[in-house]
Amino acid sequence: MGVHVVLTFKIASEPSEFEQIHRLNYETFVGEIPQHAENDEGLLIDRFDTENTYIICLDGGRIVGMLAARGKRPFSLDAKLDNLDDYFPGEHRICEIRLLAVEKGRRYSRVFAGLAREMTEYWLRHNFDMAVISGTPRQQKLYERLGFMPFGPMVGSECAPYQPMYLTRESFQQRQALYRRLQALPPESPNVPLSFLPGPVRISAEVRKTFSDEPASHRSKQFVGDFQQLKRQLCKLANANQVEVMLGSGTLANDVVGAQLSLLDAPGLIVTNGEFGERLLDQAARFQLPFDVVQHEWGESFDYGRIREALKATPGLKWLWAVHCETSTSMLNDMARLKAVCAEFDLRLALDCCSSLGVVPVDLDGVWLAASGSGKGLSSYAGLALVYHQGARPNLRLPRYLDLGLYAEKSGIPFTHSSNLVYAMRTAMRRFDDPAIFDRQAELAGWLRGELHQRGFDLLVDDAEAAPGIVTIVLPDPARAEKVGDALEADGFLLSCRSEYLLRRGWLQISLMGDHSTAELQVLLDALERHVNGLFDERKTG
């Protein structure tokens, strides 16, 4: 288990900090960007050093990122552009932002977000109403998203070109939501990558705190009462009558569903269009269930004509099992149409809702069994398996741990339970008190997909059929998907690319399950675009 190191953002004040500033300045603007001549000391002292205010990011005692702010004229840009003020819209109280430098391997991460947050606070605190920068062309899109407008000709040299840009108070105010998100990032954060995985998902500080509380007995009156309240919350979320909460993952929940299907002693139909649908085939085979299959291509929407033909061809089928949100492809299968088919043929419907519960509105009215878990869309720790049902009774044919009816008979607690996991999920469930939560999730996903389309990325599933919890990207060179994932991890982002089914196809996935913002995603997208284009160009010239 890695050590969590705290990132601290502050105004530089100590002599040791200024020496590190000069060293990072040298590494960036001499060693990496050939803007200044080399020297034996390995230090670069800015000509405005005594007038600069340095905003720094410390990892322990080491500076890993910095920028400089200065409000005194003449600016650095005054020496590069004649009549600099002629480019500005009216008179302003101006601050020049310079010398943005972040250690390699720490870029496109919380370091940049924290520096941007501290810069805006400094800017507002000193009543500036315009900021000017000289931005590198490769970062121009990022600066523009922060509200900076390019002006004038390129400055610098052929080896180190810069685009002058300014940010007005009006432009800043138009992007208040983005800057609020940057300011909402904790000033001191664990030095761990930002996770855009479907599991483990980002866990809020409140949920983490609850999980760390002292454990309670699963037989105490307080725990039993709180456990029943959690079950009522889960039923309300999914418009269901009964749910059992077990220690385990979504795979256990689907095994419990399979165990219940085995008690019907009747054949059924499994419909698949991705990895997790095909896992249902394996789970059904392990229970020796008799079943037919309607198998679609991965990323293909269900063909309800084919499903009806299969049901007509084999009279006597009594159940249908499918995945609601197919995580492997981003496909959100149509639950309402599945219900309609089952009603038409008098089938019991069982669904894997592991990646849909908490991500989209889920209505289990008319669904016989549904499986889910405490992670993913519920934004808590994995470890609790959820099985929704319409009334189950104990059956001695089943192992005790898989006997859904035994859980129902014992008020959901037939065996030892984890109070830490239960209370963490109760805390995470508070987010669903907000009636607009699913609208915001859909809006964020729509924005992300639109940005990816605009940048030329190929997405596996059409927008109209895609789940808002996960986006699957088909790269121009599938063989290099893992390299892109490795490069993004080095930059501080975790994306899905290493599951066997993703590696075989060269797909990359961004999950929005958990707590995410457009501010973080914008930085992620710039890093993704840079790495994908870099590897693709390398392939063309290699």
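Author: Burial is given here as relative accessible area: buried is under 20%, exposed is over 50%, and partly exposed is in between, with a 1.4 Å probe and protein chains only. The model is predicted, so local features need pLDDT of at least 70 and side-chain atom pairs count only at pLDDT 80 or more, while totals for chains, interfaces and linings use all residues. Residues are numbered from 1 along each chain as its sequence is written, and side-chain values use heavy atoms, with hydrogens and water left out.

Salt bridges come first. Side chains of opposite charge can pair when their charged atoms come close. The rule applied is a side-chain nitrogen of Lys or Arg within 4 Å of a carboxyl oxygen of Asp or Glu, and the count by that rule is 23. Among them is the bridge between Arg308 and Glu344, at 2.9 Å from N to O. This pair links distant parts of the chain, 36 residues apart: Arg308 belongs to helix 10 (residues 304-313) and Glu344 to helix 11 (residues 335-345). Helices (H or I, at least four residues) and strands (E, at least two) are DSSP runs, numbered from the N terminus. Glu344 is partly exposed, with a relative accessible area of 46%. Arg308 is partly exposed too, at 25%.

Another bridge joins Arg498 and Asp486, with 2.3 Å from N to O. Arg498 sits in the loop between strand 21 (493-495) and helix 16 (500-505), and Asp486 in helix 15 (residues 481-491), so the bridge ties together parts that are 12 residues apart in sequence. Arg498 has a relative accessible area of 38% and counts as partly exposed; Asp486, at 36%, is also partly exposed. In the bridge of Asp477 with Arg480, the closest N and O atoms are 3.4 Å apart, and both of these residues are buried. Salt bridges also form a network, which links Glu451, Arg455, Asp526 and Glu529.

Next, the cysteines. A disulfide is a covalent bond between the sulfur atoms of two cysteines. With a disulfide taken as a pair of cysteine sulfur atoms within 2.5 Å, the count is 0. For Cys95, the closest cysteine sulfur is that of Cys57, and 19 Å is too far for a bond. Cys95 is buried, at 0% relative accessibility. For Cys325, the closest cysteine sulfur belongs to Cys353, at 9.5 Å, again too far for a bond. Cys325 is buried as well, with a relative accessible area of 3%.

That leaves the backbone. Most residues other than glycine have a negative phi, and most peptide bonds are trans. The bond between Arg73 and Pro74 is cis, with omega about 0 degrees, and Pro74 lies in the loop between strand 3 (62-70) and strand 4 (94-102). A cis peptide bond also runs from Gly199 to Pro200, where omega is near -5 degrees. Pro200 is in the loop between strand 9 (194-196) and helix 6 (205-211).

Positive phi values occur at Leu99, near 60 degrees, and at Gln288, near 55 degrees; neither residue is a glycine. Leu99 is in strand 4 and is buried, at 13% relative accessibility. Gln288 is in the loop between helix 9 (275-286) and strand 12 (291-295), and at 70% relative accessibility Gln288 is exposed.
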